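Have the viewer open as you read.

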Amino acid sequence: MAARRVLVVEDDPAIRRGIVDALRFEGYEVLEAGAREEGQRLAERTPVDLVLLDLVLPDGDGLDLLRAVRRSRPTLPVIILTARGQEEDRVNGLKLGADDYVVKPFSVRELLARAGAVLRRSAERPAGVVRIDFPGGHFEVERRELSFTDGSRVDLSEREADALRYLGDNAGRAISREELLERVWHLPARGVQTRTVDMTMARLREKLRDDSEEPRVILTVRGKGYMFAAREASP
């Protein structure tokens with residue numbers, strides 16, 4: 001199997017070199033960029049499997065780069081790198097479709113674990129279900145696309161698609177945040193913050209046009225977690 005290719009977009013040469021060396025030691029192919037423009041060019045024009053993206057870049061906002069990548073390659077996994085205390089940037093990054101985030105200073109082991117989890121999800125995605133219906137439309141699993149009865153379509157990130165598929169495959173059953181972390185994120189639930197799960201659910205509801213106050217698709221089950229409601233076939 002060919003080595004997976006990771007693009008590292010980080011302006012600090014010392015941090016970038018540490019990340020690049022660690023990834024290469026683990027057997028990854030690595031491309032690197034120290035600025036937004038170069039990072040965007042590589043992300044859009046070269047075959048990469050994952051982007052590690054610093055949000056503070058010398059020639060622009062990393063969030064702008066994330067927006068551009070989501071437009072051109074909506075399913076490309078992205079992990080954002082943020083400084084401690086930049087919660088708003090992390091939240092905005094997740095809303096824009098980042099698959100995960102790592103807070104600086106971070107350990108190399110943590111970064112490698114999160115990168116590996118994202119790449120495993122892509123490799124381990126099971127076959128079978130090709131469509132999941134919901135009120136007002138349906139989810140095309142292989143295309144990671146929501147299709148609505150008014151003819152409009154919305155792309156999902158890899159993480160959003162995996163989460164929606166897991167919920168849809170278990171429609172009618174309340175699924176805990178811990179189970180989602182283990183089954184979708186492939187992370188041990190113990191000691192891991194669950195805010196990432198909640199943010200993903202919030203993004204999915206927004207893309208599904210699901211009223212957050214009175215949801216019909218992704219329900220919140222108090223004390224238990226989330227549940228995909230009974231399916232309603234769409235035309």
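## Salt bridges and a covered helix

Searching the whole structure turns up 20 salt bridges, each being a side-chain nitrogen of Lys or Arg within 4 Å of a carboxyl oxygen of Asp or Glu. This is a predicted model, where local features need pLDDT of at least 70, side-chain atom pairs count only at pLDDT 80 or more, and totals for chains, interfaces and linings use all residues. Residues are numbered from 1 along each chain as its sequence is written, and side-chain values use heavy atoms, with hydrogens and water left out.

| Pair | N to O distance |
|---|---|
| Arg4 and Asp49 | 3.6 Å |
| Arg16 and Glu32 | 3.0 Å |
| Lys104 and Asp54 | 3.2 Å |

Arg4 lies in the segment before strand E1 and Asp49 in the loop between helix H2 and strand E3, so this pair ties together parts 45 residues apart in sequence. (Helices, H or I of at least four residues, and strands, E of at least two, are DSSP runs numbered from the N terminus.) Lys104 belongs to strand E7 and Asp54 to strand E3, so their bridge joins parts 50 residues apart in sequence. Lys104 is buried at 16% relative accessibility, and Asp54 is buried at 4%; buried means under 20% relative accessible area (1.4 Å probe, protein chains only).

Arg16 and Glu32 also belong to a salt-bridge network with Arg17 and Asp21.

Now to helix H6, residues 158-169: eleven of its twelve residues are buried, among them Tyr166 and Leu167.

Definitions and conventions: Buried means under 20% relative accessible area, exposed over 50%, partly exposed in between (1.4 Å probe, protein chains only).
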